[in-house]
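Please work through the following exercises with the sequence and the coordinates at hand. Each task is followed by a stepwise solution.

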Amino acid sequence: MADHYEVLGVARDASVDEIKKAYRKKARQLHPDVNPGADASEQFKLVTHAYDVLSNPQQRQKYDMGDQGGGFDGGNFGNFGDIFETFFGGGGQSSRGPRSRRERGQDALLRVELDLEEVIFGTHREIEVDTAIVCETCSGTCCQPGTSPVTCDICHGTGNIQRAVRSLLGNVMTSSPCGSCRGYGTIIATPCVTCQGQGRVRARRTVAVDIPAGVETGLRLQMPGSGEAGPAGGPNGDLYLEMKVRHHDVFSRDGDDLLCTIEVPMTDAILGRTTTIKALDGDIDVVLKPGVQSAEVITIKDRGVTRLRGSGRGDLKIGVHVVTPTKLDHKERELIEQFAARHKAPAPSLSHFQQGLFAKLRDRFIG
Ligand code: ZN
């Protein structure tokens, strides 16, 4: 075991003040918050133990007389803690060293409303987010510039207070988080004024996002690292964007297919006609063949929604709804009567109630 005086770098006749000063200097360099390496952590323990012994006059005297500290060897604290935990359950963060102020930031959830047009090909959005960002004044250190955290005098930087507890096994050492530094091992004596020592501030941030084509209401896009900054310079959480696709008056959606209805005057249905419709992505010529029936579906390939997974686009499905004229003048009625007399259509006849695709399409519009 290393000599306590050497560990602290003080003379054997050093005063209590000199020992304290030396310890503070070492602890500041080696503290896990500043120096996260495993080596530093081991050295920090050594330094802290040396200080524990030499700052206590009785223990220092014993140590000087050649007693190496017996059962109070710092390395054994952990074992005692483990035994204690095994038998009594819990015991908290016993002998685990100081906890870090750094924590991961919260995830954030934001709802994004999209028009169906934007869903077909995907879109780019600049989204304003009220969030936490790293404090620019202290860069997340929580300290006023030029200052740094001071080792806690109560726990000497360990973040824990050890005490002996009487138990079935006799006296065992247990530890609990230091109340003075709340287990951090350090105290921020001069907190950053900008962030009140939090290392982060509330701010409005703009997040640029490419929303892929084919998203649906309820779908969540994860943006790793775009959530809130963590306390004390901790890593950012994630941002989730929940999609909401606005209702469209004409077009609805069935997976990657787009659905709509075209109302066709009876005469066009009889004679046939090519007509231009305004789809969400431009004009389309729709061919109504002579004799087209109500409930027929005209499929326009590859004019639906771009697939979110896979490639290509769905189809545009147009349900035909033949509209019968309701008001005829005298002459028109005469013409239709002449037509009927000549055409000799069969009498109306019964068949199964129509539950064709068009009926389903219409249900979807209503739903
Ligand atoms: Zn700050």
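The model is predicted: local features need pLDDT of at least 70, side-chain atom pairs count only at pLDDT 80 or more, and totals for chains, interfaces and linings use all residues. Residues are numbered from 1 along each chain as its sequence is written, and side-chain values use heavy atoms, with hydrogens and water left out.

**Exercise 1.** Identify the protein donors of the zinc ion and state the geometry of the site.

Step 1. Donors are N, O and S atoms within 2.8 Å of the metal (3.2 Å for Na, K and Ca); water is not among the atoms, so sites may look incomplete. The SG atoms of Cys-135, Cys-138, Cys-192 and Cys-195 qualify, lying 2.3 Å from the zinc ion.

Step 2. Four donors count as tetrahedral if all angles lie between 85 and 135 degrees. Here the angles among the four donor atoms are 104 to 116°, and the site is tetrahedral. For comparison, the ideal angle for four tetrahedral donors is 109.5 degrees.

Step 3. Along the sequence, the donor residues follow the spacing C-x2-C-x53-C-x2-C. Distant parts of the chain are linked by Cys-138, in the loop between β2 (123-134) and β3 (150-151), and Cys-195, in the loop between β6 (186-187) and β7 (200-211), 57 residues apart. Helices (H or I, at least four residues) and strands (E, at least two) are DSSP runs, numbered from the N terminus.

Step 4. Both Cys-138 and Cys-195 are buried (under 20% relative accessible area, 1.4 Å probe, protein chains only).

**Exercise 2.** Describe how helix α2 packs against helix α3.

Step 1. The axes of α2 (residues 16-30) and α3 (residues 38-54) lie 10 Å apart, at an angle of about 165°. Axes are lines fitted to C-alpha atoms, for helices over the stretch in contact, and angles run from 0 to 180 degrees between N-to-C directions.

Step 2. Because of this angle, α2 is roughly antiparallel to α3 (over 145 degrees).

**Exercise 3.** Which residue caps the N-terminal end of helix α4?

Step 1. Asn-56 caps α4 (residues 57-64), with a side-chain oxygen 3.0 Å from the backbone nitrogen of Gln-58.

Step 2. Just after α4, Gly-66 has a positive phi of about 105°.

Methods
Four donors count as tetrahedral if all angles lie between 85 and 135 degrees; four count as square planar and six as octahedral if opposite donors are over 155 degrees apart and all others between 65 and 115; anything else is irregular. Buried means under 20% relative accessible area, exposed over 50%, partly exposed in between (1.4 Å probe, protein chains only). A polar contact is a pair of N or O atoms within 3.5 Å; within protein, one must be able to donate a hydrogen and the other to accept it, and residues adjacent in sequence count only if both atoms are side-chain atoms. Angles under 35 degrees count as roughly parallel, over 145 as roughly antiparallel, 65 to 115 as roughly perpendicular and the rest as oblique.
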